[in-house]
Structures are given as structure tokens and as C-alpha cells.
Amino acid sequence: MRKSYRVKKEADFQTVFETHNSIANRQFVIYSLDKPEQPHFRVGISVGKKIGNAVHRNWVKRRIRQSLLELKPQLRQDVDFIVIARPSTDGMSMAEIKRGLIHALKLAKLLDFADDDEESTIEEKN
């Protein structure tokens, strides 16, 4: 995912957090902020030290980034959002991480599938 799709600055992270617009499931917490003036979404990923050592944290971040890249056409484009991984993501497979992320993004109303067939096709690829 290109760097223009990432929330990189601390001030941008704080702006999204301060909206208090969040949802959570067992694997992820997602904070979002509507930004209608921007051309595409931006995402920040946070994986805390409770996940494990740096190798495990980087592994989880890579899986989240890859899942978001695969879901890019279905994601709302007018938002900034932060994905925070919970400790239960450590040791999960790529398919499990993607399934949990899809669930959280749908709860946050950031992911839109035209129909259920498309959703099941994406999940079957894992």
C-alpha cells in the first residue's frame, strides 16, 4: 500500500482518536474520521507490545496491510481510520485476520459489498 494511503503523523492519529467514533470486535478496534475533501482513504495501523516481540508485531502489521490492499475497492474512500490490533491477533492465520478485519470494517460502516456473493468470494480466496 502506497504511503499516501497511510496516516503517518502523530497529530493525524490524535485527530482521528479525538472523534471518539470507534467500534471493536475481539481482534480489532477501529477509529474513523470522515474526510470528504480527500481523494482516497488513509489508514494507520497500531500493534501494541502485548502482541509479542517486534517480529510478531511486524507480522501482524503486514497481514493487516495485505488484507486492506485486497479490500481496497470495497473500502470507503472519504475517511481516515486507525486499526488497532488486540492481543488475540497474535498467532492468527492470514485468513483469520482478514475475516476479523472484514467484520470490524463492516461494523464501522467502512466496507461495502454490493452483495453477499462478492463477500464470500473474497473470503474463499484465503
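Colleague: Is Arg 42 buried or exposed?

Modeller: Start with the idea. Buried means under 20% relative accessible area, exposed means over 50%, and partly exposed lies in between, with a 1.4 Å probe and protein chains only. Arg 42 has 16% relative accessibility, so Arg 42 counts as buried.

Colleague: What kind of model is this, and how are residues numbered?

Modeller: This is a predicted model: local features need pLDDT of at least 70, side-chain atom pairs count only at pLDDT 80 or more, and totals for chains, interfaces and linings use all residues. Residues are numbered from 1 along each chain as its sequence is written, and side-chain values use heavy atoms, with hydrogens and water left out.

Colleague: How many salt bridges are there?

Modeller: The general idea comes before the count. Side chains of opposite charge can pair when their charged atoms come close. A salt bridge is a side-chain nitrogen of Lys or Arg within 4 Å of a carboxyl oxygen of Asp or Glu. By this rule there are six salt bridges.

Colleague: Which residue meets Asp 12 in a salt bridge?

Modeller: Arg 42 does, at 3.5 Å from N to O. Asp 12 lies in helix α1 (residues 10-17) and Arg 42 in strand β3 (residues 42-47), so the pair ties together parts that are 30 residues apart in sequence. Helices (H or I, at least four residues) and strands (E, at least two) are DSSP runs, numbered from the N terminus. Asp 12 is partly exposed, at a relative accessible area of 22%.

Colleague: What does Arg 42 tie together with Asp 80?

Modeller: The side chains of Arg 42 and Asp 80 form a salt bridge at 2.8 Å, N to O. Arg 42 is in strand β3 and Asp 80 in strand β4, so the pair links parts that are 38 residues apart in sequence. Salt bridges that share partners join Asp 12, Lys 35, Arg 42 and Asp 80 into one network. Asp 80 is buried, with a relative accessible area of 1%.

Colleague: Where do Asp 34 and Arg 76 lie?

Modeller: First, the contact itself. Their side chains meet in a salt bridge at 2.8 Å, N to O. Asp 34 lies in strand β2 (residues 28-34) and Arg 76 in the loop between α2 (54-71) and β4 (79-85), so this pair ties together parts that are 42 residues apart in sequence. Asp 34 is partly exposed, at 48%. Arg 76 is partly exposed too, at 27%.

Colleague: How many bridges join β3 to β4?

Modeller: Two strands pair if DSSP finds at least two bridges between them. Here six bridges join β3 to β4, and the two strands run parallel. Val 43 has Phe 81 in β4 as its bridge partner. Five of the six residues of β3 are buried, so β3 is largely enclosed by the rest of the structure.

Colleague: Is the β-α-β unit left-handed or right-handed?

Modeller: A crossover is right-handed if, with the strands pointing away from the viewer, the path from the first strand over the helix to the second runs clockwise. β3, α2 and β4 make a left-handed unit.

Colleague: Which residues is Gly 44 in contact with?

Modeller: Contact means heavy atoms within 4.5 Å. Leaving aside neighbours within four places in sequence, Gly 44 is in contact with Val 7, Phe 13, Phe 81, Ile 82 and Val 83. Gly 44 is in strand β3 and is buried, at 1%.
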